[in-house]
Amino acid sequence: MPSTTPVPPAARRRPRAAVAMKPDAAAALLDARSLAALSAVCDLAPLPVLDDFTTDRARAVLADTELLVTGWGCPPLDEAALAAAPRLRAVAHTAGTVRGHITDACWERGIEVSSAAAANALPVAEYTVAMVLLSGKRVLERARDYRADHHRDNSLATSTEVGNYGRTVGILSASLIGRRVIELLRPYDLRVLLHDPYVSEAEAAALGVRPVGLGELFAQSDVVSVHTPLLPATRGLVSRELLMSMRPDGVLINTSRGAVVDQDALTGVLRQNRIRAILDVTDPDTLPAGHPLWECENALITPHLAGSQGNEWQRLVDLATGEAARWAAGDGFAHPVRRERLAFLA
């Protein structure tokens, strides 16, 4: 009697794949679940991961690699590396920017590139929204004072400047993160302004924000949140003039790059107690011990923690695994990186 078990359609050949990143990045990102998920869609080269493309083992692995899953610390995919990887056709990156390892040689060969920047945007946006709301209620300052004097404020005597009802939030750049912040702010009773010269009025309307000039953004906002990538045109973009134009006790939030802000100017304005600042990034990223920003009580400085950390790394790997599955199925990447967009990306 013939078998009644249905015969599955012919499976698509799984691409040969390898992982390239720093060993400590691999230890953080690639647990048994993640490796099993990747192995389910790719013929994955055995560990350890590749962190040097010049070794004999790396050249042997690269020789038949079609898809490279990359992460922090991946060596540059330059002409020499690509010469050792004649079959490489795609790169799925488990982090945000690909500037550190995707070279002109990759684009010239026509290698497809994907990034997990969209997945990394969410925790940064969550941090930003949390800080918008906390700063509106003066939570951190009031908690510090409460700890010091053990005395509660008279809530009926609270200044009308405290609170989040009707506050104006200015978003500097409709980047992936900027757009996610706008999305997460929608449930709140806030007015949202946007400055981004590449966003049309129609697109701003679709986002639910009002487009404004750079000067108006700073002058009209209670909170300005910086999301522009660091490019030659944006270095020092947030100037002393803009900072001085902010409303008294306004808040500057920076989760982008420290050098987008004129840090000396910011320090001076903070020392005048004109505004407050929440800085997840500085220039340099770790300030020296004697830097005057440390002495500014109206500045909250966090150690570049807004982006993916801890269990949030799993979101990055899940996105990259999904991208690998799409590519293996011939559907292309859902989160491609385009060469012509690199000038506008972080």
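Let me begin with Val169, which stands opposite Val223 in strand S9, where strands are DSSP runs of E with at least two residues and helices are runs of H or I with at least four, numbered from the N terminus. Please keep in mind that this is a predicted model, in which local features need pLDDT of at least 70, side-chain atom pairs count only at pLDDT 80 or more, and totals for chains, interfaces and linings use all residues. Residues are numbered from 1 along each chain as its sequence is written, and side-chain values use heavy atoms, with hydrogens and water left out.

S9 covers residues 223–226 and runs parallel to S6, joined to S6 by four bridges; two strands pair if DSSP finds at least two bridges between them. S6 also pairs with S7 (residues 190–195), again in the parallel sense, over six bridges, and here Val169 stands opposite Val192. Between S6 and S7 the chain passes through helix H8, residues 176–185, in a right-handed β-α-β crossover, meaning that, with the strands pointing away from the viewer, the path from the first strand over the helix to the second runs clockwise.

How enclosed is S6? Six of the six residues of S6, 167–172, are buried, so this strand is largely enclosed by the rest of the structure, with buried meaning under 20% relative accessible area for a 1.4 Å probe, protein chains only. On one side these are Arg167, Val169 and Ile171, and on the other Thr168, Gly170 and Leu172. In a regular strand, side chains alternate between the two faces of the sheet.

Notes. Buried means under 20% relative accessible area, exposed over 50%, partly exposed in between (1.4 Å probe, protein chains only).
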